[in-house]
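Here is my note on the model you sent. Please read it with the structure open.

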Amino acid sequence: MTAIKHALQRDIFTPNDERLLSIVNVCKAGKKKRNCFLCATVTTERPVQVNVVKVKKSDKGDFYKRQTAWALRDLAVVDAKDAVKESPEFDLHFDKVYKWVASSTVEKNTFISCIWKLNQRYLRKKIDFINVSSQLLEESVPSGENQSVAGGDEEAVDEYQELNAREEQDIEIMMEGCEYAIANAEAFAEKLSRELQVLDGANIQSIMASEKQVNILMKLLDEALKEVDQIELKLSSYEEMLQSVKEQMDQISESNHLIHLSNTNNVKLLSEIEFLVNHMDLAKGHIKALQEGDLTSSRGIEACTNAADALLQCMNVALRPGHDMLHAVKQQQQRFSDLREQFARRLASHLNSVFVQQGHDQSSTLAQHSAELTLPNHHPFHRDLLRYAKLMEWLKNTDYGKYEGLTKNYMDYLSRLYEREIKDFFEVAKIKMTGTTREGKKFATLPRKESAVKQETESLHGSSGKLTGSTSSLNKLSVQSSGNRRSQSSSLLDMGNMSASDLDVADRTKFDKIFEQVLSELEPLCLAEQDFISKFFKLQQHQSTSGTTNEVEEMDGVALSRSYTSGVPQTVSSEKDMIRQMMTKIFRCIEPELNNLIALGDKIDSFNSLYMLVKMSHHVWTAQNVDPASFLSTTLGNVLVTVKRNFDKCISNQMKQMDEVKISKKSKVGILTFVAEFEEFAALAESIFKNAERRGDLDKAYIKLIRAVFDSVEKVANESQKTPRDVVMMENFHHIFATLSRLKISCLEAEKKEAKQKYTDHLQSYVIYSLGQPLEKLNHFFEGVEARVAQGIREEEVSYQLAFNKQELRKVIKEYPGKEVKKGLDNLYKKVDKHLCEEENLLQVVWHSMQDEFIRQYKHFEGLIARCYPGSGITMEFTIQDILDYCSSIAQSH
């Protein structure tokens with residue numbers, strides 16, 4: 001161990017100016033044994049630093065390297081594990097606990113003892129030595145052991161100690177004095193002893209010589225002590241005087257602090273007072289305006305508006321913590337609350353009076369519009385009320401109860417006013433549609449009673465299907481139209497309405513203009529009222545971003561109308577909903593009146609549903625572009641559902657009438673009535689739906705109607721007894737084809753081609769069936785010839801058959817001279833003429849087709865003669881030119 005200690009001192013610690021004091025061979029507890037050394041070292045330079053160094057043998061060679069160093073001042077605990085039993089284990093607590101196992105207990109105890117001594121000498125800090133024997137923790141050790149580390153000088157703790165530089169220098173000076181010739185060590189030591197004695201004597205003499213000086217020095221020290229006592233007495237008196245001054249200064253400092261605190265509090269109090277005065281003080285002019293301000297003039301309204309805004313600012317000021325506990329603040333808030341309540345009451349009362357007065361003035365103008373198809377203009381009424389818009393906003397923010405009450409009163413009063421105006425407006429529209437007069441209806445210039453309105457509404461929606469209102473002229477019109485319908489039971493338009501043939505184009509145009517004028521008057525009225533409501537009641541109109549469907553049936557019109565007819569609900573989800581609900585309450589009569597007008601128009605003429613569908617669709621489209629969720633858009637959408645249903649009902653009834661049509665058994669069919677009326681319907685619809693938004697509805701109706709027409713034509717053709725089936729099909733499909741070709745309806749291109757094909761097929765079928773076999777015996781003869789050829793006999797050998805020789809052929813040909821042929825064709829022409837109708841004018845077309853078919857048969861016979869009887873010289877007794885002449889002569893004669 002000594003050799004290792006010298007090697008470590010030389011190789012590791014001497015280059016770092018350190019001295020190795022103790023060493024112990026250890027390994028980590030609980031791990032594979034890898035021995036290392038823990039070394040206790042001190043530095044040679046001051047201040048002295050004590051370290052515990054971990055040294056490990058290098059893996060690459062037989063030398064040691066420094067691995068880790070801990071300062072002894074960082075050591076907190078030394079745990080020897082057991083103070084009684086000998087154990088090589090011990091723990092050192094630095095930044096963490098390091099557990100070690102020494103190679104021997106002696107080494108462990110020596111190392112721990114060295115650590116304790118170094119701590120006592122250099123650090124004097126409290127390191128806990130636990131489980132350590134008390135014998136190891138002693139200041140000194142027996143003289144036989146190694147020298148103690150403690151002492152005045154830094155003595156060597158082992159048998160070897162190097163000389164320092166001073167010692168080396170002194171020895172060199174001494175050796176120089178002897179000229180480095182220390183041959184006799186005893187003589188050299190004796191010389192040194194003599195010199196030491198001389199020095200000791202000189203020291204004793206010097207001490208004895210200085211005794212007198214020491215006495216003088218002691219005397220001076222005594223005098224100095226007396227002076228110090230006097231100074232201390234003076235300092236004590238000064239301290240007593242300064243203590244009173246200190247107390248006075250403390251009092252002055254405390255007084256200054258209180259003055260500063262008072263000033264600070266005064267500044268803060270002034271700031272709070274200024275804040276309350278500036279923000280919670282209402283000018284006298286504003287108070288007077290709120291209490292007595294004129295709410296009828298523009299200047300007074302402006303003053304009241306400014307005062308109300310100022311009051312709202314005072315009431316809404318954000319008070320600082322504690323302000324609400326001040327009595328003055330409470331009084332001011334109560335005063336503001338009273339002013340607000342008083343002005344809100346006065347404002348609500350005045351606005352209610354304005355509603356009544358404006359409504360009375362509006363009612364006085366109704367007589368001007370009683371005979372005109374126009375609605376009164378509410379713009380002056382809106383203009384006057386909009387002056388109070390800012391006050392309404394103030395009322396909404398401060399007293400929502402009164403704001404809500406005003407809203408309800410406005411809706412209640414305006415709903416009655418608009419109901420009178422709109423019902424009178426619709427009465428004028430009905431009168432203009434039916435052509436009656438107010439005198440005939442016994443109308444007065446005043447608004448109608450509610451009972452009359454209810455009676456007419458019930459009559460228009462009654463189950464009898466007749467127009468049974470209180471008006472005698474309308475009843476008369478209904479009876480007349482019923483009589484006309486009974487006289488025209490075969491008409492497809494006979495659906496409880498007057499026949500379209502009884503109403504000229506002027507009547508339908510008149511209805512279209514009246515219906516358009518009704519919608520054109522309602523639309524700006526609703527939009528103006530909605531805009532006024534949003535501005536006056538300060539409600540935001542949000543634009544909807546959701547898409548709208550093209551099919552009216554997909555709109556939940558019924559649900560919408562039911563959701564908003566019961567008045568304003570208690571909870572409103574948004575301001576947009578509130579606008580729509582107010583509009584629904586105010587204009588609650590528009591939808592039923594429109595439905596009544598639609599029902600009347602449908603009763604006058606079912607084709608009016610076409611006009612109404614186009615007009616209503618256009619206005620719905622316009623309203624949806626403005627606001628898809630507005631009252632106008634919703635109401636017109638609901639009414640459009642009714643119009644669309646009437647249109648579908650019109651189409652369904654036409655199809656039903658087609659299915660139920662009956663034909664006479666004694667007269668020829670000709671062009672069927674529903675075919676002619678489909679032409680009329682299509683022509684009218686094309687003129688109405690030109691550039692219309694709802695073209696798709698018409699196209700769907702076209703498809704349904706044309707299929708029903710096709711089916712009904714075939715049904716009638718099958719049931720016809722007087723007229724051949726092919727004639728019925730040929731004439732009617734020719735008429736349908738001509739109609740579709742003329743109108744050029746794009747969605748019916750396939751049906752047009754089908755109609756043409758059916759016409760061509762039945763024309764050919766009728767020609768073949770009617771012409772039949774005009775040369776009957778000749779036909780039978782050649783059928784026999786063709787049968788023999790089919791059996792395998794060569795065409796040149798057919799003439800050798802007994803029944804089909806040349807003599808038999810000549811006999812048959814002689815039976816059909818030209819005169820007989822012409823007579824047969826003349827009878828055929830008369831027969832065709834009886835079958836065909838004059839309206840379609842197909843006689844010449846059919847006759848020309850028969851002529852072509854006859855010529856085809858003639859050429860067929862000639863071909864058989866040429867092939868089966870070659871060189872016989874046999875020919876028909878008439879030629880193709882004769883056939884052409886016969887047909888032309890017959891056609892001209894008739």
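1. First, a caveat. This is a predicted model.

2. Start with strand β3, residues 50–57. Seven of its eight residues are buried, so β3 is largely enclosed by the rest of the structure. A residue counts as buried here when its relative accessible area is under 20%.

3. What joins strand β2 to β3? Six bridges do, and the two strands run antiparallel. Strand β2 covers residues 36–43. β2 and β3 form a hairpin, with six residues between them.

4. Strand β3 also pairs with strand β4, residues 64–71. The sense is antiparallel, over seven bridges. Here the pair to look at is Val55 and Arg66: Val55 stands opposite Arg66, which lies in β4. A hairpin joins β3 to β4 through six residues.

5. Now the surface. Which residues form the nonpolar patch there? They are Val214, Leu217, Met218 and Leu221. Together they have about 350 Å² of accessible area.

6. Leu221 sits in helix α5, which spans residues 211–279. Its relative accessibility is 43%. Exposed would need over 50%, and buried would need under 20%. Leu221 therefore counts as partly exposed.

Notes:
Residues numbered from 1 in each chain as written. Predicted model: local features only at pLDDT ≥ 70, side-chain atom pairs only at ≥ 80, totals over all residues. Heavy atoms only, no water. Patch = residues over 30% accessible without salt bridge, like charges linked within 9 Å, V, L, I, M, F, W, Y side chains within 5 Å. Areas by Shrake-Rupley, 256 points an atom, 1.4 Å probe, with all protein chains shown as cover. Salt bridge = Lys/Arg side-chain N within 4 Å of Asp/Glu carboxyl O. Helix = DSSP H or I, 4+ residues; strand = E, 2+ residues; numbered from the N terminus. Buried < 20%, exposed > 50% of the residue type's maximum accessible area, 1.4 Å probe, protein only. Pairing = 2+ DSSP bridges.
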